[in-house]
Each structure stands twice: as C-alpha cells, then as structure tokens.
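Please read the following account with the sequence and the model side by side. It moves from the whole chain to single residues.

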Amino acid sequence: MIKKTRTGLPTQAQILDFIERSDVPAGKREIAKAFGLTAQEKIALKALLKDMADEGLIDGAPGRAFHKMGGLPKVTVLRIADVDDGGTVWAVPDRWEAETPPPRLRVRERKRGALGIGERILARTEEAGKGWIAHPMKVLAKASEQVLGVLRRDGDRFWLTGVEKKDRREFPVSDVADAEAGDLVMAEMTGRPPRIAVRVVQRLGDPFAPRSFSLIAIHKLGIPDVFSGETLDEATRVSAQPLGDDREDLTHLPIVAIDPIDARDHDDAVWAAPDDDPGNAGGWQAVVAIADVSFYVRPGSSIDREARRRGNSVYFPDRVVPMLPEILSAEVCSLKEGGDRAALACHLRIDRNGKLLHWRFTRARVRIAANLAYEHAQAAIDGDLAHPLTDTVLAPLWACWRALAKARDAREPLDLDLPERRVVLDEMGRIMSVAPRERLDAHRLIEDYMIAANVAAAKALEAKKAPVMYRVHEPPSREKLVALKDYLETFDVAFALGQVIRPATFNHVLARVGDADFRPQVMEQVLRTQTQAYYAPANQGHFGLSLGSYAHFTSPIRRYADLVVHRSLVGAYALGPGGLTAADAEAMEQIGTTISGLERRAMEAERDTIDRYVAAFLSERVGETVAARITGVQNYGFFATVEGIGGDGLMPVRDLGGEYFRFDEAARKLIGEQSGEEYALGQRIDLRLAEANPVSGALRFELPGGKGAAPGPRHLGSGRKDRVIKHRGRPQNIRHQGKRR
C-alpha cells in the first residue's frame, strides 16, 4: 500500500501508478485512503481527478472507479463477442461509452468451449503487451447475440446480411421461421465456430417500405416503442383529473405556441408586453408557459417508470416514439388552443438590454390563443401573411426578443449554424425530397425565450438550495484543442493554444475563415472539438451558451430531465402535489447518467435513420455523377458528402487508379506518387455514385468514368422484384425541430 507524506496531493504520475498497480477497483475513496489525504485534500483530489479525465489520462468506470484512459477497469462485465476458428474466445466490454472503439479481450477459459457468443461474464482484466486478457470470475447470464439484417436466398440456402455500415458480415441461417427472402428480420446467433449460424426470431417486414428505416433503428438500439396496458390505463385515468382551483389564472393573456408545422406535442408557449414598471423603462415582462407534466405524471407511477426508462421522445421523419403515452403527450399535457391547459409558468422581467431582472414560478391555468408554425409566424411578422395576432401578440414578442438577442450577443455564445437535413415525405410515407432545413428568426426567437426560462429555473432552484438537474457542457479538452490547431494549420488558419478558451474564440476563427469553400468543414471540426453535453446535479456551467447556470425546464413532455426540474421547482416553491421525492433527490447523479445515455441513444437512432432516408433517396441516382465534398481522408480512401443533400460515402483508395497514393496525415490528403494528384479535406469533387444502400444508410463512390459499368438502383435481397421509391404525392414534413441546447 502506498503511503503519502504530508506534502500535499499526490502527483498525476503517482495516481496513475496507483491505479495501475491496485488489486481492487480504484475510486476516489481508495486513492484518498492510499495516500492518507485529509478532508480538505479530498476536495482538491476530486478536482485533480476531473482535470486528469479532461486531459485524457484517466476515465471513469461503472461503480465510480477510475482506470487509465483507453484501458479497462481491473474488474468489469464483458460480453462474449466472437469465437474464432482456432477456438479462441474474444470478449468486449458490456458497457463502453468512450469515443475510441472498445477493446477486444482474449478470454482465458477454465474449460474449453464453456462460453458461447452473447454470454456475459464478470472478469478480471490484464493488459498484456499491446492487448488485453480477461480472466473469468463468474458467468452472469446466458444471452443471445442478436443480429438485425436482411435475408438473402442463394439456391436452397438462406443468408443474413447485417444492416451495420461497419460490419456487413453474412451468416448462414439455420431457421427462417415465417420470413422470406428480402425480409428485414431479427435473428439470434447460435452454435460455435466454425459452425456459427443464426435463426430468425422476428420478421419485421419489407426493409424498403417507407416506415422500415426508423423501425431498423428502433430494433437495433432497443428503443422501447410500446406502452404496457397498465401504463395506458393509468394515463387515461390521470388525464381525466380536474386542473384544480388553486392555479394562477392566466387565461386572459394571449399566449401563443410556435412550433414546427407538423408538431404533435406542444411543450411551450410565450407571451410578452412592455413592462409598466417605471423602474424598468424600455424593459419587458414575459411569460414562458410550459406544460405541467409533473401534475399528471407522479413519481413512482407506472407512467413515470416508463418515462424514465425511455429518457426522451425519439423523433424520426415518419414517426415519433414518445416518452409519454399519446393521451398525455399529444392531448392533455400539450399546450393546444381550444381549451384550458395546466402549465408551470415562468414569469420574467427583462430590461431593455435583455438582462433578467426577476423571475417567479407558478402553477397556472392558460388558454392558448393560437398554435403557429414557425414559417407562418415569420411570414406574419414579415408582413407576408395576414394574421389577427400580428400587432397585438407577435410584434411585442419580437420586440422583447430583440432585447434578449442583445444579451445573447453580449455573452458571445458558440455560433455554429450547421444546417439540419429535412426529409419531406408524402402522405404514404414516401420520400419527396431531402434538403437543409431553413433557419428563421422565429426559430431563434423561441430558442432565446427558452434559454431565458432555463436560466431562471436553474437560478430559482439554486436560491432555494434545492436539487438541480443541470444541463452541463464543459469546455473542450486540451487534446481536442491540439487536434483543432493541427487541423486549422492545414488551411493556414492560426489558433493559439495559450489563450483562455471561450465560445467567442471559436466564433473568431470562423470569422477569419469567412465564406471560404472550406468553411463547412471548419464548422464541423469546431463542433467535434466540443465536449458532449450531459445531465448532472453538479454545476459545471454551459460552455457553448456561455452561461454559468443552466437547466432544461422547457420540454417536460419529451425530456425526463425537464420533468425532474419541474418536480424540484414544485417542491421548492410549495406549488402543490408532484414534487421531487427524497429518494430521487438522493439519486440525481444516477438519474443524470442514465438519461444522458438515453439521449445519446436517441441521437444515434435519429442520425442513422436520416442516413437511411438519404440513401433511399439517392438510390434512384446510382450510376449518376453527383457534386460532392470530401469530408474525411484516411489511408484507405476518402469520405465524401453529396452537396445539398448529405449522406456520407466512401471512395476506396483502391479505386483511385493504378498508382500508389501516399496518405499525408497532417495535411489530411491522399497524394499520388506519380501524378501528384491530390484528394484533400474540404475539396469539391464530382463523383459517380456506385452504391446507395437504404438498409445500412451507406453510400459508395467511384471516379466518373472509372471502374465498373453504371448499374441500376441496387437493393439487398433476392426473391422479390426490385423496387424504387417513387417521388409523388403531397409533401408532408414530419421532422421535429430539435431544441437540444
């Protein structure tokens, strides 16, 4: 055991050495005990460990233990992933949240052939040379490795092709059940090498049907999409309860909800007017009314348990997988015109420069004056659409927003206006178009009102010393800043590492880039430099918004984090039933970790589904030459995106011709040894679309006039007629505008 002399904290090297040599999982408590730290030094140790994590020296493990970054805990849960032809068993971490690929561990079995694919084990891990070895301690559970894929028939045999972009293995099928060639199915892996096969456990239908692309993501990532009968019955019961007479009556205010044109749930509505207080000349009073979900969804109820299991609603182009049953999310809780609604109202006083002077929270009864689409509200304020509320409601809202915009500009938040792809479907769910979504002042207006309410919620809870579920966005790590500096040097753009890094630092970089062709690539790289935002009860500020205290409060219909904040406000300000329980107050850190992971799952599902829609849209253009831009360069080829549409595809280096291409990692270029031909990051280039696979979302490019004749649209599977998604019918945008800040 290491003992520390009374000379202050251990060094980073000493901590790393202790973690490496410790026979037990090394958490903060074990480190403090090993070095004999005082109570005051334990506080400093926490900060030191956080710095080491930010610098990429250590990473956290389940159970709050630490291990070397890129390494593994001493004892952890592994999942058997493969058994090679030689009988060697390979495992991967059952849980892995690092950005790097998970390590593969060679398992030392006590009895050969005892472990099968999909089984979970508790194991002691050991780093050996450049690899890892796992020593099984206990088999935790029998489990099946499931594979989502498309059936292919070859003579009398069936094969399953996986839907993953990166892992397109084929497996022989031992049992097809009631599925047919060309069907999308869920299958279980069976057997042992060299006789690994799969058997179909669920037929999901036609992989090219309009609604299948989101279904693939739902099944692949295990997103719950069916409510139990108990939860639905409970939702019906609670939706019938009266609003009560103890609410503040705000039905006289013409509050409006501004949302996407196809929105089904309306979390928020806003109102503003000039402040009549002489002490706030030129200032404003505003109300941000948020659906009072905590009134209907009580802690510990069946609805609450299901909402926490989902974490958030998931929005696809063709459907929504809601966090709450539809009778609540789309009906009773939703702030729709036509009747009184329950709201948690944030009352704000704002000065002429957009500073928040005062805030208070009440449970209220509201009557929505209108539900407006962003496009219609913008057209009305621009004078392009006649609307009865333009002068009385919209004009004051816009005037107050200009004050809020002043405050935003003064704090200089990160300004990355990256386009969002918008998939437009017809009434049958068929793809009409894929294009960047238009960004309007109406979007910015609602964002700024929501940000103001979120700040007020965090500060109100801090004033009461009540639990807060903060939305945390930490500054970028030095490792990522170094990578950005190296990247910018390839464009001759200077970036000093010695300066204090603020959001404005990145804005100034983009200002220097101006309208150069490579601006989109620089914006993407700046985005990659940022850390992943998450939920936690410990305040670390919101770097991107340049705010010291920030909590999500404005979307409780679709985010569990917001519901937690509502409950804390209800309890702290004695607003009635549905407050935060003592048990949940104690478990805030665990809840934050869980819902942060569920948010990442939802983002992955939405992104993958859009990629599939884009690939389906482009499948009719296979064989055509398309305008593209190089977005990534590796030694095996480069990735490119179709201009104006999106969708990433690989141009393999083997298809660039007969000469050898050298990879210049620093410059992010492939350079032909004989011709000097270059393929560089950000370069515009015409490419032939060789393949567009809607099931995996993958594209593949070739050089125009290059290898292979131009085939027609390609689809996985045989035994069915090839089908092409037609462009016809009335446009209908079903994509929900995200408010994820």
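This is a predicted model: local features need pLDDT of at least 70, side-chain atom pairs count only at pLDDT 80 or more; totals for chains, interfaces and linings use all residues.

## From the whole chain to its details

At 16% relative accessibility, E447 counts as buried.

Start with the chain as a whole. The protein chain contains 17 helices and 35 strands. It has 741 residues, of which 51% count as buried. How much of the contact in the chain joins residues at least 24 apart, among contacts between residues at least 6 apart in sequence? The share is 67%.

One group of strands can be picked out next. Five strands form a closed barrel, in the order β9-β10-β11-β13-β12, and their pairing is mixed. On average, neighbouring strands of this sheet are turned by 55° against each other, with direction ignored. Two members of the barrel show how such pairing looks in detail. Strand β10 covers residues 157–162 and strand β11 covers residues 170–175, and the two pair in the antiparallel sense over three bridges. To find the pairing in the model, look for T161, whose bridge partner in β11 is E170.

Now turn to a pair of helices. Helix α13 (residues 503–513) and helix α14 (residues 519–529) have axes that come within 10 Å and cross at roughly 170°. Are the two helices roughly parallel or roughly antiparallel to each other? Angles over 145 degrees count as roughly antiparallel, and α13 and α14 are therefore roughly antiparallel. On the side of α13, the contact is made by F506, V509, L510 and V513. On the side of α14, the residues are R519, V522, M523, V526 and T529. Sorted by class, the contact of α13 with α14 has seven nonpolar residues, one polar residue and one charged residue.

The next topic is salt bridges. A salt bridge is counted when a side-chain nitrogen of Lys or Arg lies within 4 Å of a carboxyl oxygen of Asp or Glu. By this rule the count comes to 37 salt bridges. One of them joins the side chains of R349 and D277, with 3.1 Å from N to O. R349 lies in strand β20 (residues 340–350), while D277 lies in the loop between β16 (268–274) and β17 (284–291), so this pair ties together parts that are 72 residues apart in sequence. R349 is partly exposed, at a relative accessible area of 25%. D277 is also partly exposed, at 32% relative accessibility.

E447 now comes back. Its salt bridge is with R439, and the closest N and O atoms are 3.0 Å apart. E447 is buried, at 16% relative accessibility, whereas R439 counts as partly exposed at 28%.

A further salt bridge is formed by the side chains of E702 and R700, at 3.3 Å from N to O. E702 is buried, with a relative accessible area of 5%, and R700 is partly exposed, at 22%. This pair belongs to a network of salt bridges that links R688, E691, R700 and E702.

Some single residues remain. P10 sits in the segment before α1 (12–21). Is P10 buried or exposed? P10 is buried, with a relative accessible area of 5%. P10 and G36 are 26 residues apart in sequence, and their C-alpha atoms are 10.0 Å apart in space.

D492 is found in the loop between α12 (478–489) and α13. Its phi is positive, at about 60°, although D492 is not a glycine. At 75% relative accessibility, D492 counts as exposed. A574 is found in the loop between α15 (560–572) and α16 (582–586). Phi of A574 is near 50°, which is a positive value in a residue other than glycine. A574 is exposed, with a relative accessible area of 69%.

How values were computed
Residues are numbered from 1 along each chain as its sequence is written. Side-chain values use heavy atoms; hydrogens and water are left out. Helices (H or I, at least four residues) and strands (E, at least two) are DSSP runs, numbered from the N terminus. Buried means under 20% relative accessible area, exposed over 50%, partly exposed in between (1.4 Å probe, protein chains only). Two strands pair if DSSP finds at least two bridges between them. Axes are lines fitted to C-alpha atoms, for helices over the stretch in contact, and angles run from 0 to 180 degrees between N-to-C directions. Angles under 35 degrees count as roughly parallel, over 145 as roughly antiparallel, 65 to 115 as roughly perpendicular and the rest as oblique. Contact means heavy atoms within 4.5 Å. Ala, Val, Leu, Ile, Met, Phe, Trp, Tyr, Cys and Pro count as nonpolar, Asp, Glu, Lys and Arg as charged, and the others, Gly among them, as polar.
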